[in-house]
Amino acid sequence: MVGKESNDVAAPSRTRRSFLRRTGLVVAGTSTALATESAAREAIRTTYTIREGTPDETDVYITDTQTEGPVAVVVGGIQGNEPAGYQAAGGIKTWSINRGTLVTIPRANPVAIQRDTYLNDNGNLNRKFPPGETPTTPLARAIWGVIASYDPDIVINLHSSQGIYREDVGPDGVGQAIYPTTAPGASEDAIATAEYMNRYHVDDSFPDYYRFQRGNTIDGTRPYLVHKTDADLGVPGFIVESTRYETSLATRRNWELNIVHHLLGRHGIDRTYES
């Protein structure tokens, strides 16, 4: 069970999808009727705050379409000096989607973002999520509490790196790669999304080493957010890494927006471009 600090705001209850699945109410005809009935309903958008009244205070954004479908969680800003991730997530929080629920934590590490640093006062936030154990800082516990409460079908964590994955150019780094968990289908999702990006969104002016790749598999053995996703939830999770090596912030942000768009589509959530 995730530890909870007294000044954390509890996440809303699980979605209808989880309730129906847990109670066994989804049967042939019933789920179809529910989907048909809810299709005409407007999405419910809510925002709540975790770690309220502390320097870690940050917002969680939920779009619930009220139509049966997957639950996706997108997290940006775990490292404060990687603005592409938190800027992309800041755009994603307002997306309209066709079904399911989208949960976004755009600025997961507000102290580090404010300081434009890799770390906050408790060190590297993305090393505070030991698999099979309670996260080791109040902020990590609050973030994990949000994710676990929504019983997600897919978790995406947005980053950027100084260099490029497995390339002998620029500084060492892990950019231009999409790293999948061991969950069934996650590797195929990463490969398909990399191919999509290379075909449609990596400009011909970039050398071939900027082409996206599937990164190494996230196997639940390290205290990272998506490693914990793999070990504790067993669902497809992805670390997205664009490179900061000779790229503009706008380029990196757009790459990450399109990667998330494609990964969500692979999991049955399409952006509808409604106002």
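Lys 228 and Asp 232 stand four residues apart in helix α7 (residues 225-233), so about one helical turn separates them. Helices here are DSSP runs of H or I with at least four residues, strands are runs of E with at least two, and both are numbered from the N terminus. The side chains of Lys 228 and Asp 232 meet in a salt bridge, at 2.6 Å from N to O. By salt bridge I mean a side-chain nitrogen of Lys or Arg within 4 Å of a carboxyl oxygen of Asp or Glu. Lys 228 is buried, with a relative accessible area of 1%, whereas Asp 232 is partly exposed at 33%. For these classes, buried is under 20% relative accessible area, exposed is over 50%, and partly exposed lies in between, using a 1.4 Å probe and protein chains only.

Let me state the basis of these values. This is a predicted model, in which local features need pLDDT of at least 70 and side-chain atom pairs count only at pLDDT 80 or more, while totals for chains, interfaces and linings use all residues. Residues are numbered from 1 along each chain as its sequence is written, and side-chain values use heavy atoms, with hydrogens and water left out.

How many salt bridges does a search of the whole structure find? The search gives five. Arg 115 and Asp 121 are joined through their side chains at 2.7 Å, N to O. Arg 115 is partly exposed, with a relative accessible area of 45%, and Asp 121 is exposed, at 62%. Arg 51 forms a salt bridge with Asp 56, where the closest N and O atoms are 3.6 Å apart. Here Arg 51 counts as buried at 9% relative accessibility, and Asp 56 counts as buried at 11%.

Arg 51 also deserves attention for its backbone. This residue sits in the loop between β1 (44-50) and β2 (58-64), and its phi is positive, about 60°, although Arg 51 is not a glycine. Asp 151 likewise is not a glycine and has a positive phi, of about 50°. The loop between α5 (138-149) and β5 holds Asp 151, which is buried with a relative accessible area of 17%.

I turn to the chain as a whole. Its secondary structure comes to eight helices and eight strands. Of its 275 residues, 52% count as buried. Among contacts with a separation of 6 or more, 75% are between residues 24 or more positions apart; contact here means heavy atoms within 4.5 Å.

Next, helix α3. Why is α3 described as largely enclosed by the rest of the structure? Seven of the ten residues of α3 (residues 83-92) are buried. These are Pro 83, Ala 84, Gly 85, Tyr 86, Ala 88, Ala 89 and Ile 92. The elements they pack against are β3 (71-75), β4 (101-105), α4 (110-115), β5 (154-161), β8 (237-243) and α8.

The packing of α3 on α8 has an angle of about 50°, with the axes 8 Å apart. Axes are lines fitted to C-alpha atoms, for helices over the stretch in contact, and angles between N-to-C directions run from 0 to 180 degrees. The two helices are therefore oblique to each other, on a scale where under 35 degrees is roughly parallel, over 145 roughly antiparallel, 65 to 115 roughly perpendicular and the rest oblique. The contact involves Pro 83, Ala 84, Gly 85, Gln 87, Ala 88 and Ile 92 of α3, together with Leu 249, Arg 252, Arg 253, Glu 256, Leu 257 and Val 260 of α8.

Helix α8 (residues 249-266) also packs with helix α6 (residues 186-200), at an angle of about 135° and with the axes 10 Å apart. That angle makes α6 oblique to α8. From α6 the contact includes Asp 189, Ala 192 and Tyr 196, and from α8 it includes Trp 255, Ile 259 and His 262.

Finally, Arg 214, which lies in strand β7 (residues 213-214). Arg 214 is partly exposed, with a relative accessible area of 33%. Between Arg 214 and Asp 189 there are 25 residues of sequence separation and 9.1 Å in space, C-alpha to C-alpha. Beyond its neighbours within four places in sequence, the contacts of Arg 214 include Tyr 165, Ile 178, Ser 187 and Ala 190.
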